[in-house]
Amino acid sequence: MEKSKEWPLWEVFIRSKQGLNHKHVGSLRASDATMAIKNARDVYTRRSEGISIWVVPSNNITASDPNNEDSLFEPAQSKVYRHPTFYDVPDGISHM
Amino acid sequence: MMEIDIKELEKKFQLKIDKDIRIEPNDWMPDAYRKTLIRQISQHAHSEVVGMLPEGNWITRAPNLRRKAVLLAKVQDEAGHGLYLYSAAETLGADREQTIDDLHSGKAKYSSIFNYPTLSWADMGAVGWLVDGAAIMNQVPLCRCSYGPYARAMVRVCKEESFHQRQGFEIMTKLASGTSAQKEMAQDAFNRFWWPALMMFGPSDADSSHTEQSMRWKIKRHTNDELRQMFVDATVPQAELIGLTIPDQDLKWNTVKEGYDYGAINWDEFWQVVGGNGPCNKERVDARRKAKEDGKWVVEAAMAFAQKRSAKKSA
């Protein structure tokens, strides 16, 4: 089969219940978005795992480069004052 | 890349593995790690898909509607498992159609158990109980595999697989407590599937070429023989409970190792079946090849339809 005719790849995101966010669960191939939703229903929600499905063409996702992990995420590591545990709270104060 | 750089990267990689940090698709990994995973995951995917055939054989002949609905659901699950696994292989850069074509050309293998025929309804019981049971034994440790997408697929598969084993055991329990003809049918299925089920764990450790490296990479967490022993120890009491006899005269409890000693496995048969000479090898691969060829026009038509519609939209 010619390469160009292969169905595109889609990433599937499922909301498991009202009040929770959609979460990536896997991927599948489908000819278009409608089929991707139908296939996602059949493959990823056979046991009531979800009440809402998002599908996104995989090639539309831009990902950060794991090789830049250090420079990208390091600044957060060194700013401990962003966490409440950085601060001393005097005795006698129970909730803050 | 310079050789020294690769050495450094490999060292970092192994360090991550040793610390139980999962490897994700875009992370650097040694070529051999990638190749091993693609081989293992695509074989695993093929096994799920080919595994639908021996059971599909009995869907129209299930003894009642409940059994039929259950068997249909189980076979549908196997298709899903195949898909999770093909997707996991794709994250490693494997070309999905190519891996499927490798199955069809005989280049890629699948679990040799599916080259045995399913001759009676009791075989649905034996397959669910023993074959899915052995698969679970294999797959539970794979949930902790070092490669993230494979491990996550396994978590999903294991969740679904436990109903498969139970429904098989239920069929066997029912038959084993039925008429003498039914009991005989159950015992016959058990006799035919016991040894091939033990072979599912692969060659013994001494003859397993991939085990050592796969353990170091934490793709595998137990050796073939360890898993086989766990399976025997778990299954023997289940067979005894429903009154079936293990077709192994050498089987006996070993108080020292606190496990069963079992008889010699016929490795010659194993290698024959792996090599393509099992009872159903040709039938299975032919069925898969035919499915792809017969379905080709559907794949093409769906794609043509999608392209036409998106052209209309943008016009």
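Reader: What do the side chains of B:Asp77 and A:Arg47 meet in?
Author: A salt bridge, 2.5 Å from N to O. The term needs a side-chain nitrogen of Lys or Arg within 4 Å of a carboxyl oxygen of Asp or Glu. This is a predicted model: local features need pLDDT of at least 70, side-chain atom pairs pLDDT 80 or more, while totals for chains, interfaces and linings use all residues. Residues are numbered from 1 along each chain as written, chains are lettered from A in the order written, and side-chain values use heavy atoms, without hydrogens and water.

Reader: How many salt bridges across the interface of chain B and chain A?
Author: The rule finds 6.

Reader: Which helix of chain B gives the most to that side?
Author: H12(B), with 9 residues on the side that touches chain A. Helices here are DSSP runs (H or I, at least four residues), numbered from the N terminus.

Reader: And how much area is buried between the two chains?
Author: About 2,100 Å², with carbon and sulfur atoms giving 53%. That is accessible area (1.4 Å probe) lost on putting the two parts together, summed over both. B:Arg156, B:Val299 and B:Met303 supply 22% of what chain B buries against chain A, more than any other three residues.

Reader: Switching to H1(B). Which residues are buried?
Author: B:Phe13, B:Gln14 and B:Ile17. Buried means under 20% relative accessible area, exposed over 50% (1.4 Å probe, protein chains only).

Note on methods: Helices (H or I, at least four residues) and strands (E, at least two) are DSSP runs, numbered from the N terminus.
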